[in-house]
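I set down here what I looked up in this structure, entry by entry.

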Amino acid sequence: MPDQPATILFASPQSALLAAIEPVLLKAGSRVKVVLTTPAALTAMTASEPPVLALLDTALPGMQIDNLLAATFATENGRRFPILLIADAVEPAWLERLAEGVIDDIILRTEEPAYWQLRIDLALRAFHSTREIDILREAAALSVRTDRLTGVLNREALLAALFRETDRVQRFNGSMCFAIFDIDDFGHWNSRLGIDFCDELLRHVATRTMRLLRSYDLFGRLGMDEFLIALPGCNVANALLLIERLRTEVFSTPFRISGESIRLSACCGLASSHGRSPVVVLREAEEALHCAKAAGPESIQVFGEAVRPAHAPVTYLSPTSGDELIAW
């Protein structure tokens, strides 16, 4: 099915102006959608398939143009196309909107059609160039914040987020718990399976873990096979419930990669924030993790509490499980 031509929105009550300008718009291969009021223009501008460009006449009846522009920006997706005003004169108020980036150009309704075509072409090119720059800037910012291997927050971004979240916990007198988990004997897997294979394992661990978390939980990679989860609004008891789900839903199910079925396990250390510096709480969680690793695979340690014993092997490791597992 051939692509539909792009649509330009022409919002003006003046039929004579449309008659003069429509051939210019059609010559560019665009469809022209004509509306006569600001409410109709708002509907077209906030549709799921918006126009590629909007020409708004300041003489439109129904609501003030400023209100129409504000309503367009207030939508979830914001403005996704250039907006050109059709005016009788270049007033200071419109120049302010132009300087603020609310509109992209002003065209006097008395200009010749060739001039309209020039201004429309310039507005489209400038808008698309700006969008491309914004996309590249966002991608660069994301790459600075995320771990390249797993896609979760890297250590620096995670620490910055922890400071912001700690401030919020302090303001609202809330709770937060840190949980650091470390994959057991990951060096063995690197030696046995190779770095590329183990990188894939880490990506799978990160993906499974993110499925368990709420949208406002923080999750990042601290080191090679060490990850941190920060749980706003959770005390130690709540965090232990999540860690149990982590053990059963992330690690108890084998990871299937390149025809192999791999069973991993992890130790975990927990510490409660109480609004204290995240550096202090992170150090406590790391100390708890160190104690858990000393106690054996799959151990859990809460800072300041007795070591929790490791779980017994899960039942699917029995000879009747139906899986030929590589296990350590």
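**Entry 1: backbone angles**

Does histidine 274 count as buried or exposed? I found histidine 274 exposed, at 63% relative accessibility; exposed means over 50% relative accessible area, buried under 20%, and partly exposed in between, with a 1.4 Å probe and protein chains only. I note that the model is predicted, that local features need pLDDT of at least 70 and side-chain atom pairs pLDDT 80 or more, and that totals for chains, interfaces and linings use all residues. Residues are numbered from 1 along each chain as its sequence is written, and side-chain values use heavy atoms, without hydrogens and water.

I looked up histidine 274 for its phi, which is positive at about 55° although the residue is not a glycine. Most residues other than glycine have a negative phi. I placed histidine 274 in the loop between strand E11 (266-272) and helix H10 (278-295). Helices (H or I, at least four residues) and strands (E, at least two) are DSSP runs, numbered from the N terminus.

I then turned to glutamate 298, a residue other than glycine with a positive phi near 65°. Glutamate 298 lies in the loop between H10 and strand E12 (300-302). I recorded glutamate 298 as buried, because its relative accessibility is 6%.

**Entry 2: cysteines**

How many disulfides does the rule give? I counted zero disulfides, a disulfide being a pair of cysteine sulfur atoms within 2.5 Å. Cysteine 234 is in none; its nearest cysteine sulfur, that of cysteine 177, is 7.7 Å away. I noted cysteine 234 as buried, with a relative accessible area of 10%.

Cysteine 268 counts as buried, at 2% relative accessibility.

**Entry 3: strand E3**

I examined strand E3 (residues 53-57) for cover and found five of its five residues buried. On one side these are Leu53, Leu55 and Asp57, and on the other Ala54 and Leu56, so that both faces are covered.

Which strands pair with E3? Strand E1 (residues 7-11) runs parallel to E3 and is joined to it by four bridges; two strands pair if DSSP finds at least two bridges between them. In this pairing I found phenylalanine 10 opposite leucine 55 of E3. Strand E4 (residues 83-87) also pairs with E3 in the parallel sense, over four bridges. There, leucine 56 has leucine 85 of E4 as its bridge partner.
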